Amino acid sequence: MGPTVTEWCLIIGSACHHSHPLQIFEYNGSALVAMVGKNCFAIASDRRLGVQLQTIATDFQRVFKIHDRLYIGLSGLATDAQTMYQKLVFRHKMYQLREERDMKPQTFASLVSALLYEKRFGPFFCQPVIAGLGDNDEPFICTMDCLGAKELAKDFVVSGTASESLYGACESMYKPDMGPEELFETISQALLSSVDRDCLSGWGGYVLLVTPTEVQEKILKGRMD
Amino acid sequence: MVKMTDLPIKGGFSFDLCTRNQMLLEKGLQMPPFRKTGTTIVGLVFQDGVVLGADTRATEGPIVADKNCEKIHFMASNIYCCGAGTAADTEAVTDMVSSQLQLHRYATGRESRVVTALTLLKSHLFSYQGHVSAALILGGVDVTGPHLHTVYPHGSTDTLPFATMGSGSLAAMSVFESKYREGLTREEGIELVAEAICAGIFNDLGSGSNVDVCVITKGQTEYLRNYQLPNPRTYISSKGYSFVKGQTEVLSTKITPIQPKVETVGGDAMEE
């Protein structure tokens, strides 16, 4: 069997830039951040999809819904992110059929970790950011590397090519126990200032804010370069 | 005959993306850095049991990914294991052996022994020939007494009265070699372990943040999470950043109320 369409794109793309090695996490570019507030959480991503230095789309979805109170963002290679998302939705639907309820965020994080670790010697090149509201409306966020090593944080988690800038921005701007409006402003400012320092991500922002009663999705205006 | 897509694959690793990844490697792919626990981990035997210690920094290349991660993993109520190396490997291998020990306890009806955990770990790591990159310090107290072992990624083990592993192991070992003696009391043991971890935190770049300590004695285990916090954040401005509401420019908003899930309680049972 010959190479698939994705593999042809990778071959052609890398042929144009054979002067430096193919950095797989920088092939598509991405920026993801999740933050915890008081009984709420926010997860934000950029909107660019590129093939190395060429931009293909400016409305690419990186944050996906698992159920009303649980969302996952997937950074890294876009094809692996979409495949991971499809596998996870399948596993969650089977869980819903068996258990007749939604998965808790901690359980879901263990599921994602197990799926990634299963591919230890031939991994998916994606780094998930999981955010959800657990029991008693307690927000839960976590991130993993591409092998499934979980990092549970109480404040914020970041992922993607802009992650180093995001670490810096979030460390300075984060405050504990923010309300939904303040959390929205903080996560948006952290995202926009970080992607401005990263060539491979940006072209607007998408912020999803979840409180116990509603879900707010906002598209941010950012620099289109 | 219709083949059903069966849901959970029967455990173990799956190699189906290896052909694609090999093709990418030939195209010049550089494998991304995995999250490692740079680390200083230590263990020592004192008069009543075992003390384990670890720092709390997780790195991804040169960046600190987690400032307060847990490196002392639960194996059984009387056995704990510190892990260094690739973070996913140490977590997965300790979780797996912990579950196997639980099943073994159900089968035998006895408290787990440290050598059981040791044999399970070393045989798993040896069968993967060092590719599962987990370097562990395993310590516990069972009916035969206190035990401390080190396990290397290729599957070799050592049984020692005091041990250090990880990138900060030389700094920590220097403290142990000068100050360790047999028959330490509990307080002396904890102090020595904390001092060794601090040596790793301050002198090794791969280790940092806080000191975790775990004290295991016959019949009792104390997990002292964040026993010492020698690196507090003192430079934060008390006011922080405050953003005015509406400062960020928004192009569009969509608000969806969350429908509360209706739980049906009661109802008639099905007939027959």
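**Exercise 1.** At what angle do helix α4 (residues 169-179) of chain B and helix α5 (residues 186-203) of chain B pack, and how far apart are their axes?

*Solution.* The model is predicted. Start with the axes: the angle is about 145°, and the axes are 7 Å apart. Next, the handedness: α4(B) passes α5(B) in a right-handed crossing. Then list the contacts. On the α4(B) side stand B:Ala171, B:Ala172, B:Val175, B:Phe176 and B:Lys179. Their partners in α5(B) include B:Leu192, B:Ala196 and B:Asn203. Last, sort the contact residues: eight are nonpolar, two polar and two charged.

**Exercise 2.** Give the strand order of the open sheet of six strands, and name its edges.

*Solution.* Read across: β11(A)-β2(A)-β3(A)-β12(A)-β13(A)-β15(B), paired antiparallel. The edges are β11 of chain A and β15 (250-257) of chain B, since each pairs on one side only. The twist averages 10° from one strand to the next. Now take one pair: β2(A) and β11(A) share five bridges. Within β11(A), A:Val157 stands opposite A:Ala34.

**Exercise 3.** Which strands does α5(A) lie across?

*Solution.* The strands are β2, β3 (41-46), β12 (205-210) and β13 (214-220) of chain A, with β15 of chain B. α5(A) runs at about 155° to β2(A).

**Exercise 4.** Is A:Ser188 buried or exposed?

*Solution.* First place the residue: A:Ser188 is in helix α5 (residues 180-195) of chain A. Its relative accessibility is 0%, so A:Ser188 counts as buried. Then check its contacts beyond four places in sequence: A:Ser188 touches A:Val207, A:Leu220 and B:Thr248.

Methods: Residues numbered from 1 in each chain as written. Chains lettered and ligands numbered in written order. Predicted model: local features only at pLDDT ≥ 70, side-chain atom pairs only at ≥ 80, totals over all residues. Heavy atoms only, no water. Axes fitted to C-alpha atoms, helices over the stretch in contact; angles between N-to-C directions. Helix = DSSP H or I, 4+ residues; strand = E, 2+ residues; numbered from the N terminus. Left-handed = near helix turned anticlockwise from the far one by under 90°. Contact = heavy atoms within 4.5 Å. Nonpolar A, V, L, I, M, F, W, Y, C, P; charged D, E, K, R; others polar. Buried < 20%, exposed > 50% of the residue type's maximum accessible area, 1.4 Å probe, protein only. Pairing = 2+ DSSP bridges.
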